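Hello,

Here is the structure I said I would pass on. My notes follow below it.

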Amino acid sequence: MFKNLIVYRIGPEWVPDLTVAEQALAKEPFVPCAPSQPLSLGWVSPRGIEYAPFVESIGGQWLVKLKLEQKMLPASVVKRRTDEIAAQIEQSTGRKPGKKQSKELKEQATHELLPMAFPKQAHVLAWIDPERRLLMVDAGSTKRAEAVVTPLVKAWEHFALRPLQTRLSPAVAMAAWLTQGEAPAGFSIDRECELKSQDEMKSVVRYARHALDIDEVREHIAQGKAPTRLAMTWAGRVGFTLTEQGVIRKLAFEDVVFEGRQGSADRPEEAFDTDAAIATGELCQLIPDLVEALDGELQPGELPSELSPTTPAAPSGSAARASAPAADQTPPAAAADELAPPWA
């Protein structure tokens, strides 16, 4: 059900009301692109059934899903049509179009070609935990997450969001875990990671299906290469890759998690409820454990923790505070008028 997670903290002024939330999203259902429309987005049922609610509440956890459609026009096709129009103008007037007119011709060519363009569709699933006041978006990049974040903020009154940040940056924490050869309590380090130098060379070293408790990895870190990705497993139940921005990627639930699962292809309604309840139940435990491993959540105005890769990780809340201002681990959500197509 979830492949990636980007976590946001919901502001204190939002009042969870399932009926109000449903009515707000029902006003913005997905409608396919019109012939000359480049991009369309709107809400659909997370259950994938027509006329089902736009906000599904399962065990107190809310699920919403945004559907997007974008007309795909190869740049080479647009250029070819633009050149054709420009050639016609030059032949009839005896002069080449200027820079400003060329830009207008490109827009004209795009408008002409859009009705024939191939529409590409995508879905982005989001999960709201009203009690813990968290929003989790199934996205591997902030750009893709913003496709859901921006319309949700517009649809729900007082639904303010900020990226969930931790006192200890994931990059520093991962360097410490790899240097010490010891994962935080409840986690294990798997056999994949990526290290990148911080100099102008931006050298990258990747390990796949390889032991990481070796001197070679520690030497790379000592020479200044910082971990950008690290594969881990939580409680022997959920595998994932943690990135330097704090994004949880490549979520994989172990077989034991879904043992005894109810529902089948003959009972899709039951299977959906069961899968959602199990997945959110596991992740509701993983996320706070991961935040704790990163020295707890960084509060507004608070300074981050300092930790040298050779210094043992301190228990939550006990690490020293840095003197420099906190840097965002995840870029903030874009404003509504800056929404970009989320195909990246």
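Which elements do the buried residues of α1 pack against? They pack against β2 (39-44), β4 (61-72) and α4 (142-155), where contact means heavy atoms within 4.5 Å. Helices (H or I, at least four residues) and strands (E, at least two) are DSSP runs, numbered from the N terminus.

This is a predicted model, in which local features need pLDDT of at least 70 and side-chain atom pairs count only at pLDDT 80 or more, while totals for chains, interfaces and linings use all residues. Residues are numbered from 1 along each chain as its sequence is written, and side-chain values use heavy atoms, with hydrogens and water left out.

Helix α1 spans residues 18-26, and its buried residues are Ala21, Ala24 and Leu25 (buried: under 20% relative accessible area, 1.4 Å probe, protein chains only). Viewed down the axis of α1, these buried residues fall within an arc of 95 degrees, so they line one face of the helix. The arc is taken from the directions from the helix axis to the C-beta atoms.

Strand β11 (residues 238-243) has six of its six residues buried, so it is largely enclosed by the rest of the structure. Val238, Phe240 and Leu242 are buried on one side, and Gly239, Thr241 and Thr243 on the other.

On pairing (at least two DSSP bridges between two strands): β10 (residues 225-234) runs antiparallel to β11, joined by six bridges. Thr233 has Gly239 in β11 as its bridge partner. β11 also pairs with β12 (residues 248-253), again antiparallel, over four bridges, and Val238 is opposite Phe253 in β12.

Regards

Notes:
Buried means under 20% relative accessible area, exposed over 50%, partly exposed in between (1.4 Å probe, protein chains only).
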